[in-house]
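Reader: I am new to this model. Please show me how to read its main features, one at a time.
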Amino acid sequence: KGQNPVFPRILGHEAAGIVESVGEGVTDLKAGDHVLPVFTGECKECRHCKSDESNMCDLLRINTDRGVMLEDQKSRFSINGKPIYHFVGTSTFSEYTVCHVGSVAKINPLAPLDKVCILSCGISTGLGATLNVAKPPKGSTVAVFGLGAVGLAAAEGARMAGASRIIGVDLVPSRFELAKKFGVTDFVNPKEHSKPVQEVIVEMTDGGVDRSVECTGNVNAMISAFECVHDVWGVAVLVGVPHKDAEFKTHPMNLLNERTLKGTFFGNYKPRSDLPSVVDKYMNKELELEKFITHEVPFAEINKAFDLMLKGEGLRCIITM
């Protein structure tokens with residue numbers, strides 16, 4: 001929804017792999033390197049890549065419509081002579097794929113690929129939204145809207161930052177028990193209250209939380225996340241991707257009272273420059289990834305993985321090729 005369908009194509013955008021070979025002119029990688037392909041790239045040459053404040057590469061930022069390689073506008077996949085298109089520069093539901101060098105981050109070869117693969121999208125997005133964008137001070141209060149994998153990664157970031165209270169907001173009560181493993185201390189189910197959830201949170205926290213991170217993509221949750229932060233120092237960070245026709249509405253006084261509203265993309269991580277250090281956090285036992293991985297299925301049963309996701313029964317399901 002909200003994308004131009006390009007078919008047939010090989011989907012998939014969260015993975016880990018080993019470089020099989022490199023094309024002409026590629027000097028940053030060699031066969032045998034362990035890598036994370038990333039749906040948004042880093043060319044290292046454009047003004048965004050050269051800016052310390054941006055991770056939105058001009059050349060390689062996410063493009064769901066493009067189904068070909070940039071160099072020659074052709075696909076590298078085919079069947080019976082007919083092209084099969086690429087997806088967001090990664091196409092990882094495959095034993096082999098072809099990526100632009102800027103869409104591949106080289107990582108520690110000792111890191112287990114069946115664990116760090118989840119850092120190539122969702123977990124890094126939630127973690128970075130908290131650590132790089134919300135930046136909760138030690139002892140602060142943080143609300144996280146949506147307790148799927150990305151939201152729990154945001155909670156994990158708040159736990160790592162030393163937040164004293166992490167309030168999880170979700171409509172699925174069964175998620176609350178699991179969320180405790182990620183540092184969530186309080187739970188709010190908006191369905192259980194007769195007033196807007198932002199009012200509930202403001203009451204719970206004597207004026208509002210210090211930081212909030214929205215990970216649902218629901219525009220009403222986005223508004224709640226902004227309106228539940230404390231005036232003057234409160235910061236709300238939007239992570240979820242809204243419906244293309246959604247509109248964000250709030251009273252301007254909420255901004256004039258010095259609240260801050262921010263958006264983030266991939267947790268503000270530059271993929272090639274920053275992902276290796278996130279992998280190292282896992283290797284140094286600062287970051288636990290195992291608790292995000294709830295299931296594993298072979299590629300032939302990939303539809304089972306989608307079912308688990310749609311039912312909200314799994315966080316991350318590893319597909320083995």
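Reader: How many bridges join strand 6 to strand 7, and do the two run parallel or antiparallel?

Author: Strands of a sheet pair through backbone hydrogen bonds, either parallel or antiparallel. Here five bridges join strand 6 to strand 7 (residues 165-169), and the two run parallel. Two strands count as paired if DSSP finds at least two bridges between them. Helices (H or I, at least four residues) and strands (E, at least two) are DSSP runs, numbered from the N terminus.

Reader: What should I know about the model itself?

Author: This is a predicted model: local features need pLDDT of at least 70, side-chain atom pairs count only at pLDDT 80 or more, and totals for chains, interfaces and linings use all residues. Residues are numbered from 1 along each chain as its sequence is written, and side-chain values use heavy atoms, with hydrogens and water left out.

Reader: Are the residues on the two faces of strand 6 buried or exposed?

Author: Buried means under 20% relative accessible area, exposed over 50%, and partly exposed in between (1.4 Å probe, protein chains only). Thr141, Ala143 and Phe145 are buried on one side of strand 6, and Val142 and Val144 are buried on the other.

Reader: What is the strand order of the open sheet of three strands?

Author: The order is 1-2-5, with antiparallel pairing. Strand 1 (17-18) and strand 5 (104-106) are the edges, each pairing on one side only. Strand 2 (residues 34-37) is joined to strand 5 by three bridges. Leu36 stands opposite Ala105 in strand 5. Helix 9 (residues 271-283) packs on this sheet and touches strand 2 and strand 5. Contact means heavy atoms within 4.5 Å. The direction of helix 9 makes about 45° with that of strand 5. For such angles, axes are lines fitted to C-alpha atoms, for helices over the stretch in contact, and values run from 0 to 180 degrees between N-to-C directions.

Reader: Which residues of helix 10 are buried?

Author: In helix 10 (residues 302-311), Ile302, Ala305 and Leu308 are buried. They cover an arc of only 115° around the axis, so they sit on the same side of helix 10. The arc is that of the directions from the helix axis to the C-beta atoms. Asn303, Leu310 and Lys311 are exposed on the other side. The buried residues of helix 10 pack against strand 12 (293-298) and strand 13 (316-320). Gly312 follows the helix, with a positive phi near 75°.

Reader: Which residues touch the most other members of the largest nonpolar core?

Author: A nonpolar core is a set of buried Ala, Val, Leu, Ile, Met, Phe, Trp, Tyr and Cys residues joined through side-chain atoms within 4.5 Å. The largest has 49 residues, and Val116, Leu119, Ile123, Leu289 and Phe292 touch the most other members. Helix 4 gives the most to this core, with six residues. Domain 1 (17-121 + 269-319) and domain 2 (123-268) both contribute residues, so the core lies between them. Domain bounds come from an automatic or database domain assignment.

Reader: How many residues does each domain give to the contact?

Author: Domain 1 gives 26 residues and domain 2 gives 23 residues. The C-alpha centres of the two domains lie 27 Å apart.

Reader: Where is Ser120 found?

Author: Ser120 is in the loop between helix 2 (113-116) and helix 3. Ser120 is buried, with a relative accessible area of 0%. Leaving aside neighbours within four places in sequence, its contacts include His13, Leu36, Phe39 and Phe266.
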